[in-house]
Amino acid sequence: MTNCLLVGLGQMGWRYDARSDGVLTHAKAINEHAHLTLSAAVDPCAQTRTEFNQAYPDVNTYTSIAEAATECQFDWIFLALPTSLHFSAFNEVLNLKPQVIVCEKPLAPSLGEASAMVARAAEQGCLLLINYIRPHEPYCKNMLAFIREKNWGDVQKIIVRYGKGVANSASHFIQLLVQEFGMPSRIRIISANELNLADPEPDFILEFGDVNAIFLRFDYQCYALSELDFYLQHGAVFYRAMGQQIEYLQALPDQTFPTVKRLQQVRLESTQLINYQRHALDAYYLLWQEHTNNHNLTNSALCSLAVIEEIRAQLLALNAHNVN
């Protein structure tokens, strides 16, 4: 039996699945996995623990990591906490000598802390996994492979629409693009938008050689947008509906104006994003079983933090310039 400890009983811990038929949370993904057992969960709030136990009556709950550690040895530990708590919680659970730690993204508030966490895990032989879920969703993987194989030529331009913070939301797409194209050669702020947010929401451009990825912020209070458009030489691929649909459009002659090519839909796919945590956990388990390194995903997560830090630095400089 592979014992798992879940630290944090918020949305990603279990609450998203309280109103979902899918597998969106760590608790549900672990609970349905054939080879993992959710043995314990930690949250300081008594009411939260009570509500969790109504859904998971067989899971022991504790107020702290230290309390849980007195009862059981854990092979896998999941950190579903606010980012500000990741560094301290990671250092505490690493002392329990787990084989695997799965941590929510971003890994830490700063690149320095995140790099230290990666180094400490490697020293101890612990597999550290940062929970960016889109690289593991089958249809998203197929989309990226289609683009990588240049079926419709080279990428010409990328447009991302996001809301609810560059670290919280835009980072999903920053990570995907860094994974595919490497670290951007240049980062440019188009518009700072609201400078006083804890998690800023600028419009900005990431330059990947000759390809620009343009990130446009939309007010999350009005509606949620989380979309990614790839414009290719001979078509386009649109990742839409919060990642629940992918539309493939090929440049084909228009019926009315046959000398003109326009984008025409040739395939529309409904993804399996509703089960994203199932796919992520399956990928993590396979890495662990096969003793495969996770360098590509880890490096792209760290590079994403570097991009976010550079964006914040540019915004601070812009704010200081405006004040002066």
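The close-ups below all come from a predicted model.

**Figure 1. Asparagine 131 makes a side-chain polar contact with glutamine 277.** The two side chains are 3.0 Å apart at this contact. Asparagine 131 sits in the loop between β6 (127-130) and α6. Its relative accessibility is 2%. Buried means under 20%, so asparagine 131 counts as buried. Beyond its sequence neighbours up to four places away, asparagine 131 touches Met12, His26, Val102, Cys103, Glu104, Lys105, Gln277, Ala280 and Tyr284.

**Figure 2. Arginine 148 and glutamate 180 form a salt bridge.** The N to O distance is 2.9 Å. The pair links distant parts of the chain, 32 residues apart. Arginine 148 belongs to helix α6 (residues 138-148). Glutamate 180 belongs to helix α7 (residues 166-181). Glutamate 180 is partly exposed, at 23% relative accessibility. The whole structure holds 14 salt bridges, and this pair is one of them.

**Figure 3. Arginine 312 pairs with aspartate 199 in a salt bridge.** The closest N and O atoms are 4.0 Å apart. Arginine 312 lies in helix α9 (residues 295-323), and aspartate 199 lies in the loop between β8 (186-191) and β9 (203-208). The pair therefore ties together parts that are 113 residues apart in sequence. Arginine 312 has a relative accessibility of 27% and counts as partly exposed.

**Figure 4. Aspartate 229 and arginine 240 form a salt bridge between two strands.** The closest N and O atoms are 3.0 Å apart. Aspartate 229 is in strand β11 (residues 227-232), and arginine 240 is in strand β12 (residues 235-240). The partners are 11 residues apart. Aspartate 229 is buried, with a relative accessible area of 1%. Arginine 240 is partly exposed, at 24%. Salt bridges that share partners join Arg161, Glu227, Asp229 and Arg240 into one network.

**Figure 5. Arginine 15 lies in the loop between β1 (3-7) and α1 (26-32).** Arginine 15 is partly exposed, with a relative accessible area of 24%. Arginine 15 touches Leu9, Gly10, Thr25, Thr48 and Glu51, leaving aside residues up to four places away in sequence. Threonine 25 is 10 residues from arginine 15 in sequence. In space, the C-alpha atoms of arginine 15 and threonine 25 are 7.5 Å apart.

**Figure 6. Helices α4 and α5 run roughly parallel to each other.** The view shows α4 (residues 86-94) and α5 (residues 111-124). Their axes come within 10 Å and cross at roughly 10°. Angles under 35 degrees count as roughly parallel, so this pair falls in that class. From α4, the contact draws on His86, Phe87, Phe90, Asn91 and Leu94. From α5, Glu113, Ala116, Met117, Arg120, Ala121 and Gln124 take part. The contact residues divide into 6 nonpolar, 3 polar and 2 charged.

Definitions and conventions:
Residues are numbered from 1 along each chain as its sequence is written. This is a predicted model: local features need pLDDT of at least 70, side-chain atom pairs count only at pLDDT 80 or more; totals for chains, interfaces and linings use all residues. Side-chain values use heavy atoms; hydrogens and water are left out. A salt bridge is a side-chain nitrogen of Lys or Arg within 4 Å of a carboxyl oxygen of Asp or Glu. Helices (H or I, at least four residues) and strands (E, at least two) are DSSP runs, numbered from the N terminus. Buried means under 20% relative accessible area, exposed over 50%, partly exposed in between (1.4 Å probe, protein chains only). A polar contact is a pair of N or O atoms within 3.5 Å; within protein, one must be able to donate a hydrogen and the other to accept it, and residues adjacent in sequence count only if both atoms are side-chain atoms. Contact means heavy atoms within 4.5 Å. Axes are lines fitted to C-alpha atoms, for helices over the stretch in contact, and angles run from 0 to 180 degrees between N-to-C directions. Angles under 35 degrees count as roughly parallel, over 145 as roughly antiparallel, 65 to 115 as roughly perpendicular and the rest as oblique. Ala, Val, Leu, Ile, Met, Phe, Trp, Tyr, Cys and Pro count as nonpolar, Asp, Glu, Lys and Arg as charged, and the others, Gly among them, as polar.
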